[in-house]
Amino acid sequence: MALILVYYSAERLINHFKARSDNEQHVYFRSLADILYVAIKKEDESVIITLTSEFGIRFARFRQLAPPGPVVYPAAFYDFQYKVIRDTIANKSAKINALRFSATDGTWLLGSFQHTEISVDTYRWLWYNLLLMVESDSDNLILGYWKMADQYMTFGLDKIREPFTNDAAQQELNRAEALKREEERKRFLQFHYALGGLLLYRKKYDVIRRMFLFSNSTPPRYELLPESINTIIEAYLKFTSRFDMELWPITAKYPFPEMEGTAADEAIRDRIALYLALLLLRLYTLQSPYYGVKYVIQPAIPPSQADKQVYIDNMLYLVKDLQQLLGDHELLKVLEYDIINPGWCVLNNKPYPPKLIEDFIQKLKDAFALQEMVQEMVPEKVAAFKTSSTDILTQRFTQLGVLGNATPITRNYQDNELRGTRQLMDKSAFAANQAVHNMNYDTFLAEGLMLQLKQDVALSIQSRVSTSYLVRKADFVDALKRLNIKPDKHSIISFGLDNDELLKDLAAAGISLPERDLIVMPPDAFDSRIFYRVILVLDKSKLPSILHLPLPQELIAKYHLEAYSEPFNFYGSVIDLNADPVLRAQLGNIPGVDLDKSVLLTLDYRLVLRWYNDTAITQLGIYDEFIQKGFPNSHSDVKPIS
């Protein structure tokens, strides 16, 4: 049998629930909330006052007992506050004023003087609460919240000053705490920039005016309003960036009413950016209490090229936002910013706002261009170029070594000399903090050079081919037989054929060739457009000599060449032409290239393929009807090698 207690006094029922320890479902919390909802409807002032105090205590107690880190309240707490705001806004009675302001000013969730690490959930519900106030035209409640947030920023999120200590570990801990607090402050300000964008979107101009005028101190300090143009621009860039994952999607963090669909994200960002531009206009009206302090100054140019490029790409949008605001006469009149015009700016020795940013853009471009010339190369990137180039060239030269004649060629020969290359490149590829990152700056020259080397080596070999046959696969073994290959006299070089299958075909043709005696060219070592599924047969003594000759000393000196590999005698260098005016002058004028912003890359060698004059190579390939044109040879066309 269930026991039912009937209370004829609300106070006694409240005391009954207050005395009970709550469970995970927060049954007693919800019960007290239900009593308050009824009291609001009945305008029971006594019950409202009692429960307003009780719920304030419960929120504060939860914060005090919460573990370190962001405070996440139970869902019952967030839901309760939202419903109280909704009901107290709907009921305009003065009897519930205390509850109305307690529920809406944010102290239940944040406190007022003590620090609370604000969770993502709490930010989300704060936003929902403010949306209720904005959409119900509760201007005084919005201002009440703003005043509390200003106070919270002053006392709850005050900056942490790093105390001096000789203890390195403690110093690092202090620094970490200070940096963490600074990030919390930025997040809190970001939230209120979004609120400003919402108010501007809903044309709450008078609310914005009152926010801009509010201060808790003398001389006035505006904790939620930046007084630095650099802070404003930094926030502007964050909200306009489409690549800032912290704010993506912004519709989830700061949804605006009547903004839905794929276009909502950009529209919300634009409104918040417009509010930040308005904060820049506000600086024009501020009077500093300190002598010599100016709020309207030229923004600072960021040090890195990457940041300069971001500024250049986005500051024109700020110019357009400023022009839009300066054309909104209703807004300017309410805020008393209608005094800001070119004439007023001249009289007050201030640049007209759009002109301020336009001049800043030009200075950014000038600084970017200057930095392109004077910036220094990063030693690690130059070293990476050397390492990558050495690896690529060493691999290719090693592969070519299998063609080499073991006996030096000293008479009746012809040399095919292959050389390296030089190329100009933007110096930004070898500098730090650039607007664009060059993914293959360290490999592209060597890789391009090796492509050319594959072709040049293949052409050198092809120039020695005296007889060529192309037969169907079915005729390949018979063609091998007719060539009369003698393993002790002839060398066989394979291009693009399966080794095992080729050895079987040779054996079927009566050619007993150990696998170690078959010269196999790796697929990446030759040009398949020249040699496609072929073998080359020549006298062993007629294989070329592969020589790696030294470079002339005058060339090494001129291009500041460094030996990248002693065995293969190849050299390289990366020259900053802005730092080498002599070499820059020797290069002359090159259309479309600014040599002052360029580096000269060099990879050079003297690779010599030395052939006997009477070298004759016989080529036998397998016909592919999808690749080759014309008709294949019959195996009967094949003549024995003389």
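I started with K204, which counts as buried because its relative accessibility is 9%, under the 20% cut-off. This is a predicted model, so I'm reading computed values throughout. K204 pairs with D139 in a salt bridge, with 3.4 Å between the closest N and O atoms. The two sit 65 residues apart in the chain: D139 is in helix 8 (residues 139-155), and K204 is in the loop between helix 9 (168-201) and helix 10 (205-213). I looked up D139 too, and at 25% relative accessibility it is partly exposed.

Next I checked R419 and D604, whose side chains form a salt bridge at 2.8 Å, N to O. This one also links distant parts of the chain, from strand 1 (residues 413-426) for R419 to strand 9 (residues 598-612) for D604, 185 residues apart. R419 is partly exposed at 35%, while D604 is buried at 3%.

Then I went to D527 and R529, a salt bridge with its closest N and O atoms 2.8 Å apart. Buried or exposed, for R529? I found it exposed, with a relative accessible area of 68%, whereas D527 is buried at 7%. I also noted a network in which shared partners join E417, R419, R422, D604 and R606.

Stepping back, I counted 33 salt bridges in the whole structure. The protein has 23 helices and 10 strands. Its radius of gyration is 40 Å, well over the 26 Å that the globule rule gives for 642 residues, so I've put it down as more spread out than a compact globule. The C-alpha atoms fill a box of roughly 125 × 85 × 60 Å along the principal axes.

Conventions. Residues numbered from 1 in each chain as written. Predicted model: local features only at pLDDT ≥ 70, side-chain atom pairs only at ≥ 80, totals over all residues. Heavy atoms only, no water. Helix = DSSP H or I, 4+ residues; strand = E, 2+ residues; numbered from the N terminus. Rg over C-alpha atoms; globule rule 2.2 N^0.38 Å. Salt bridge = Lys/Arg side-chain N within 4 Å of Asp/Glu carboxyl O. Buried < 20%, exposed > 50% of the residue type's maximum accessible area, 1.4 Å probe, protein only.
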